[in-house]
Amino acid sequence: MDNEVLRWLLAQLGPDTDPSELAQRYERLHSARAVAQEVLAERIGALLTEPLRVTVNGIATIDQSGNVAALERRLTQLAGQAAPDDVADGVLDLFAGIPLVPRQRR
C-alpha cells in the first residue's frame, strides 16, 4: 500500500485509525475501497450489538442511532467516490500471463 492509498483511507475513516491494521487489511483485500467498506461495516456492527438508546430517568439519555445512520450514509457515499487504486473504466490491464507449453522437437 502506498502513501496515497493510506492518506485516502485515513481521510475516509478518520486519523485515529491504525495504519498497520489498514495495511494488513489492504494486503488481504487488495483494494482501498474494500478496506474502507469493511472497516465501516465493522463499526456499524459494533454499534448495533449495543442498545442504541439508553435512558436513565431524570439524569441522562444516550442515543447512538444517529451514529449508525451517519456511518450507513458514509458507506453509501463511499460507493460513489473514486479510490486512488481504482482502475478506470475502459482501461485494460497491460500485463497478461501466457502459459507456455513445451512441444516435442523432431
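This is a predicted model: local features need pLDDT of at least 70, side-chain atom pairs count only at pLDDT 80 or more; totals for chains, interfaces and linings use all residues.
Local features need pLDDT of at least 70 and side-chain atom pairs 80 or more, while totals for chains, interfaces and linings use all residues. Residues are numbered from 1 along each chain as its sequence is written, and side-chain values use heavy atoms, without hydrogens and water.

**View 1. The order of helices and strands.** The protein chain holds 4 helices and 2 strands. Along the sequence they follow the pattern α-α-α-β-β-α. The radius of gyration, taken over C-alpha atoms, is 21 Å, well over the 13 Å from the globule rule for 106 residues, so the chain is more spread out than a compact globule. That rule is 2.2 Å times the number of residues to the power 0.38. The C-alpha trace spans about 95 × 25 × 25 Å along its principal axes.

**View 2. Charged side chains.** The protein chain carries 11 positive and 15 negative side chains. Lys and Arg count as positive, Asp and Glu as negative; His and the chain ends are left out. The centres of the two sets lie 10 Å apart, with each charge placed at NZ of Lys, CZ of Arg, CG of Asp or CD of Glu.

View 3. Arg33 sits in helix H3, residues 32–49. Helices are DSSP runs of H or I, at least four residues; strands are runs of E, at least two; both are numbered from the N terminus. Arg33 is buried, at 15% relative accessible area. Buried means under 20%, exposed over 50%, and partly exposed in between (1.4 Å probe, protein chains only). Its side chain reaches the backbone oxygen of Leu78 at 2.5 Å.

Terms used
A polar contact is a pair of N or O atoms within 3.5 Å; within protein, one must be able to donate a hydrogen and the other to accept it, and residues adjacent in sequence count only if both atoms are side-chain atoms.
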